[in-house]
Amino acid sequence: APSFYIHKPLNSNNWHVYHSGIGATKALLLNTTAAQATAIGYWANTEPTADVLSLGNTFAGTSDGVVYAWAEVEGYSKFGTYVGNGNADGPFIYTGFRPRLVVQKRVDGTGSWRVWDSARHTFNPNDAIVRWEDSGAEDTANASVSFLSNGFKIRITYTEVNADGGDYVYMCWGDVPFKYNNTF
């Protein structure tokens with residue numbers, strides 16, 4: 001079953017996001033910084049299965065659309081949540097592999113869809129981000145994380161990334177799966 005999927009109706013500018021960390025009673029919008037919203041119409045309050053994604057009545061009678069869906073693959077992709085601690089020595093998020101791409105979003109308040117990767121920024125701390133909801137250029141403001149052999153660590157207190165008690169979702173894809181990594 002998918003842990004993360006994006007639905008884009010062709011007759012709308014909105015990109016609707018399901019994430020297993022917030023469940024099928026809530027939704028996010030990829031093209032905004034808005035917090036999670038309770039949205040019975042998006043997913044019909046139905047968690048996805050390996051065979052069915054419920055798009056709900058919000059999209060009934062609308063034009064065609066597209067869905068991009070990802071399921072967790074051990075050692076390659078991980079989708080989850082973390083709670084911020086408001087400290088520069090922020091939470092460590094275990095993924096089981098070294099990240100190649102990390103996307104993070106605050107869900108209990110407004111915040112950008114921050115994207116870090118090891119192709120544009122090859123050393124720690126990684127502070128080069130792009131934002132999914134913004135067409136702006138890469139920047140390094142309020143965006144420090146470290147990519148580690150088995151996950152990533154938040155290295156900043158900025159509220160969109162690490163507010164004390166803040167709720168966040170993340171999506172992570174691997175560089176070299178930990179299970180197969182023979183680097184010393």
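**Strand pairing and overall build of the predicted model**

Ile 6 stands opposite Val 17 in E2. The two strands involved are E1 (residues 4-9) and E2 (residues 16-19), which pair in the antiparallel sense over 4 bridges. Two strands count as paired if DSSP finds at least two bridges between them. The model is a predicted one, in which local features need pLDDT of at least 70 and side-chain atom pairs count only at pLDDT 80 or more, while totals for chains, interfaces and linings use all residues. Residues are numbered from 1 along each chain as its sequence is written, and side-chain values use heavy atoms, with hydrogens and water left out.

E1 and E2 belong to an open sheet of 5 strands. The order is E4-E3-E2-E1-E5, with antiparallel pairing. Strand E4 (37-38) and strand E5 (65-70) form the edges, and each pairs on one side only.

Strand E5 contains Tyr 68. At 41% relative accessibility, Tyr 68 is partly exposed. Buried here means under 20% relative accessible area, exposed over 50%, and partly exposed in between (1.4 Å probe, protein chains only). Leaving aside neighbours within four places in sequence, Tyr 68 is in contact with Phe 4, Tyr 5, Ile 6 and Trp 15; contact means heavy atoms within 4.5 Å. Tyr 5 lies 63 residues away along the chain, yet its C-alpha atom is 5.5 Å from that of Tyr 68.

Trp 43 is found in helix H1 (residues 40-43). Its relative accessibility is 0%, so Trp 43 counts as buried. Its C-alpha atom is separated by 5.6 Å from that of Ala 24, 19 residues apart along the chain.

The protein as a whole has 2 helices and 13 strands. These are DSSP runs, numbered from the N terminus: helices (H or I) have at least four residues and strands (E) at least two. The radius of gyration is 16 Å, close to the 16 Å that the globule rule gives for 184 residues, so the protein is as compact as a globular protein of that length. The radius is taken over C-alpha atoms, and the rule is 2.2 Å times the number of residues to the power 0.38. Along its principal axes the C-alpha trace spans about 55 × 35 × 30 Å.

Of the 184 residues, 45% count as buried. Among contacts with a separation of 6 or more, 58% come from residues 24 or more positions apart.
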